[in-house]
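Here is a short briefing to read alongside the model.

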Amino acid sequence: MTDPAARIAELRRRIDDANHRYYILDDNSIPDAEYDRLMRELEALEAAHPECADVSSPTQRVGNQPSSKFEEVAHSVPMLSLGNAFADEEIVDFVARIEKETGDGAPMFSVEPKFDGLAISLRYEHGVFVRGATRGDGSTGEDVTANLRTVKCIPLRLRDDAGPVPDVLDVRGEVFMPKAAFDRYNAWALANGEKTLANPRNGAAGSLRQLDPRMTAKRPLSFYAYALGEVSAMPAGVDTHSQALAWLKALGLPICPEARTARGVDGVLAFYRDLGARRDALPYDIDGSVYKLDRYDQQRAMGFVSRAPRWAIAHKYPAQEEMTFVEAIDVQVGRTGALTPVARLKPVQVAGVVVTNATLHNADQVARLDVRVGDAVIVRRAGDVIPEVVRVIDERRPRDAAGEPLYPPYALPTVCPVCGSAVEREEGEVVARCTGGLFCAAQRKQALIHFASRRAMDIEGLGERFVDALVEFGYVKTVADLYRLTLDDFLDMKRRADEREGTTPETVKAGKVASKWAENLISAIDASRDTALERVLFALGIRDVGESTAKTLARYFGALDPLMAADEDTLKQVPDVGPIVAARIAHFFAEPHNREVIAALRANGVRWTEGAPQRSSEGPLAGKTVVLTGGLASMSRDEAGAKLEALGAKVSGSVSKKTGIVIAGEAAGSKLVKAQELGIEIWDEEKLLVFLAEHDNA
């Protein structure tokens, strides 16, 4: 049996090392979930073995020692951290304890997200910002005033609209990096040869610890206030935490719009579940919910334990990052020939899902990470986003007796692993591509899957499993072949697939049930024969021609034949079609094989609507770019987009400086935030419906 004292010493060493790497070296060596497990194990062991108590244990302090690179700041009121809960039962116990000790059978809580950033303190004297500091060890932090002055949402002077400003006001809050801003920064960094950031949290922490404030100013940081420290004089009527937040907002400090109040255990758990369901759509990273007893008199009655208030707790969500090991690195080939390296992982549960594969994106990303077979890696998953490897834990890399890595750096293959064609990488591109075209079975399969997708030809039921079999058994070589398939083809394909897999063929099961699936597929293919020109253009898979460009081309040319005949100079006259896209469109239609496919589609009965060219936009929204975000109750976003386009608008999927209007429905996320940052006109659904009604006959 492991000696408890030895295990306690080992846990303390590992946690101290993780703290040092994260706070001092800006190097996150282990994921949050593993850190939490180590801390909870240490807390349990110390409780069971009080003879091992040590004031220097990580459980007896908050955070870590401040960096020697900054001046130290003593906090006038300690910045304590919160205890963590991971299960609903722990929250039930937490609330029950408060109910018992306060005598309040339904206590009110102030609830808010637990931000994944860096806790700081802002000191205002006579309404002027004089000092900002990190939390540090809770008693002493680092003076980062100059860096915080570059964060635009932190006011340098408080507003006095709501009454007198106290002589001293110490505000606690979180500096973080919004998701969209993080993505924009990394795109800029890649384009300019700068080092990219691993994730928004490390980006925020590292940015505030730059010695040169000019470097911090380049980082897109934000801030939310969430608590008070020292206050020389509280205003009358501020007796609760929620009232204090409203007061801080009136003083000009940013407050999280998700902050609210909830009554009792049912209220806080409902907030937790609602916020968790919207977690991926939030414009910033969170790792839990925070519950604080709202009334200050009840907070004082509950008091503190050694390292946390007894009246507040953090309710953590399942980890979105975990550590696992790379067992192999394979390559997937997409419909445009793009080669994507994929890490095959030792199975690990991330955010409630078992992950066995994670994308490595491209050769540049593999080189940046230097990920190799055998490496211990941190994997991130957020909602439906494909899991990705975000960091290699170098100290756990397998090495030989001489200390050299056992496995060499990974390199993309020079020939396609599917068809053997040469792999090329165009100058200025990060993606390497197979040159085999539809000769490559992988590209053929992906092209068929794209062609049948809902926003393209919308062939319901024709998924990856059927496409694999259709290509492997030679029933389909181009997308036009789909319209030559018969019921017998599908039944024969299924029989051959079953025989190959050693299963009983479903086709031997008597009755119509055995062939119903095939009849449904034939019906779906038939239903897709009548469609719109923009759907056909999108379905053909022309490189860089997405839905929006396909619609623009369909309106501009009106019919397919004049588009096929257009040269690059003509194509460059189309709105939003630049020289690169124009060249790709012209090249696609110049290829004899592609013209043969289009002719075969026509011969096989595929028809699309055509009309007169629309070279100039007309209507009340002419020249306006509109973005739809969030859910609409009265119609789908596709329906709304079609109505707006009929009124002259260009409907786009992303927000930029060129955007004219953003229509924000329920649970609108980062696009709404970006629109607010850019000062773009924003409509809600009610305003949209009024506008559409006014122009119903336009």
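Helix α13 (residues 464-472) and helix α14 (residues 487-501) pack at an angle of about 90 degrees, and their axes are 10 Å apart. That makes α13 roughly perpendicular to α14, a term for angles of 65 to 115 degrees. This is a predicted model, in which local features need pLDDT of at least 70 and side-chain atom pairs count only at pLDDT 80 or more, while totals for chains, interfaces and linings use all residues. Residues are numbered from 1 along each chain as its sequence is written, and side-chain values use heavy atoms, leaving out hydrogens and water.

**The α13 and α14 pair**
- On the α13 side, Arg465, Phe466, Ala469, Leu470 and Glu472 meet Phe490, Met493, Lys494 and Arg500 of α14 (contact means heavy atoms within 4.5 Å).
- By class, this contact has 5 nonpolar, no polar and 4 charged residues; Ala, Val, Leu, Ile, Met, Phe, Trp, Tyr, Cys and Pro count as nonpolar, Asp, Glu, Lys and Arg as charged, and the others, Gly among them, as polar.
- Axes here are lines fitted to C-alpha atoms, for helices over the stretch in contact, with angles running from 0 to 180 degrees between N-to-C directions.

**The α20 and α21 pair**
- Helix α20 (residues 579-590) and helix α21 (residues 592-603) have axes that come within 5 Å and cross at roughly 70 degrees.
- That makes α20 roughly perpendicular to α21.
- Phe588, Phe589 and Ala590 in α20 meet Pro592, Asn594, Arg595 and Ile598 in α21.
- The residues of this contact divide into 5 nonpolar, 1 polar and 1 charged.

**A closer look at α5**
- The buried residues of α5 are Ala181, Phe182, Tyr185, Asn186 and Ala189 (buried is under 20% relative accessible area, exposed over 50%, partly exposed in between, with a 1.4 Å probe and protein chains only).
- Seen down the axis of α5, these buried residues fall within an arc of 130 degrees, so they line one face of the helix; the arc is that of the directions from the helix axis to the C-beta atoms.
- The buried residues of α5 pack against α6 (200-208).
- Turned away from the buried side, the other face of α5 carries the exposed residues Leu190 and Ala191.
- Just after α5, Gly193 takes a positive phi of about 70 degrees.

**The whole protein**
- The protein has 24 helices and 24 strands, which are DSSP runs (helices H or I, at least four residues; strands E, at least two) numbered from the N terminus.
- Of its 698 residues, 49% count as buried.

Methods:
Parallel < 35°, antiparallel > 145°, perpendicular 65-115°, else oblique.
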